[in-house]
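User: I'd like to learn how to read a structure like this one. Can we go through it together, feature by feature?

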Amino acid sequence: MEKKKKKLKTYNFYTVMMQALRPVWRNHPTRREFFKNSRSAPNTWICAECGKKCAGASKGKKSEFRIDHIEPVIPLTGFTNWDDVIRRLITGPHNLQVLCLVCHGVKSKAENAARRKHKKDLL
Ligand SMILES: [Zn+2]
């Protein structure tokens, strides 16, 4: 029997850098502060889009919401440079909102579609 070769995962520089930046923002004081201040009741956040009550992470349960950048980290016109990404990632509370997983998924999908369309229009 022929042994299946394990497929090596390939990582591009962009993906590696984005993954490295994520915890920088996750632990940033502005994000922590927003997380605390946007709570509407103990362990409860309200989706800015649909008004759904969302619980935070607890006892093996994942958080039911995301802290969303209103103005996305990667512009709809696409990646420019890392200085820009970092500047947009480390943002102020005015640019943050709580979104439930569904609304966050819808927004991300629309943003990705807009980026793809922009890229296509450039060709
Ligand atoms: Zn929602």
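User: What share of the 123 residues in the chain is buried?

Analyst: A residue is buried if 20 or more other C-beta atoms lie within 10 Å of its own, exposed if 12 or fewer, and partly exposed in between, with C-beta atoms placed from the backbone. Here buried residues make up 8% of the 123 residues. Keep in mind that this is a predicted model, where local features need pLDDT of at least 70 and side-chain atom pairs count only at pLDDT 80 or more, while totals for chains, interfaces and linings use all residues. Residues are numbered from 1 along each chain as its sequence is written.

User: What radius of gyration does the chain have, and what would a compact globule of 123 residues have?

Analyst: The radius is taken over C-alpha atoms, and the globule rule is 2.2 Å times the number of residues to the power 0.38. A compact globule of 123 residues would come out near 14 Å, but this chain has 18 Å. Along the principal axes, the C-alpha atoms fill a box of roughly 55 × 45 × 25 Å.

User: How many helices and strands are there?

Analyst: Helices (H or I, at least four residues) and strands (E, at least two) are DSSP runs, numbered from the N terminus. This chain has four helices and four strands, and along the sequence they follow the pattern α-α-β-β-β-α-β-α.

User: How many bridges join strand 3 to strand 4?

Analyst: Two strands pair if DSSP finds at least two bridges between them. Five bridges join strand 3 (residues 65–69) to strand 4, and the two run antiparallel. One example is D68, whose bridge partner in strand 4 is Q97.

User: Which residues form the largest nonpolar core?

Analyst: In soluble globular proteins, nonpolar side chains tend to be buried together. A nonpolar core is a set of buried Ala, Val, Leu, Ile, Met, Phe, Trp, Tyr and Cys residues joined through C-beta atoms within 7 Å. The largest one here has seven residues: W45, C47, F65, V98, L99, C100 and C103. Its largest share, three residues, comes from strand 4.

User: What is C100 in contact with, leaving aside its neighbours within four places in sequence?

Analyst: Two residues are in contact if their C-beta atoms, placed from the backbone, lie within 7 Å. The partners of C100 include C47, C50, C54 and F65.

User: Which way does phi go at N43?

Analyst: N43 has a positive phi of about 55° although it is not a glycine. N43 is in the loop between helix 2 and strand 1 (44–46), and it counts as exposed because it has 11 C-beta neighbours inside 10 Å.
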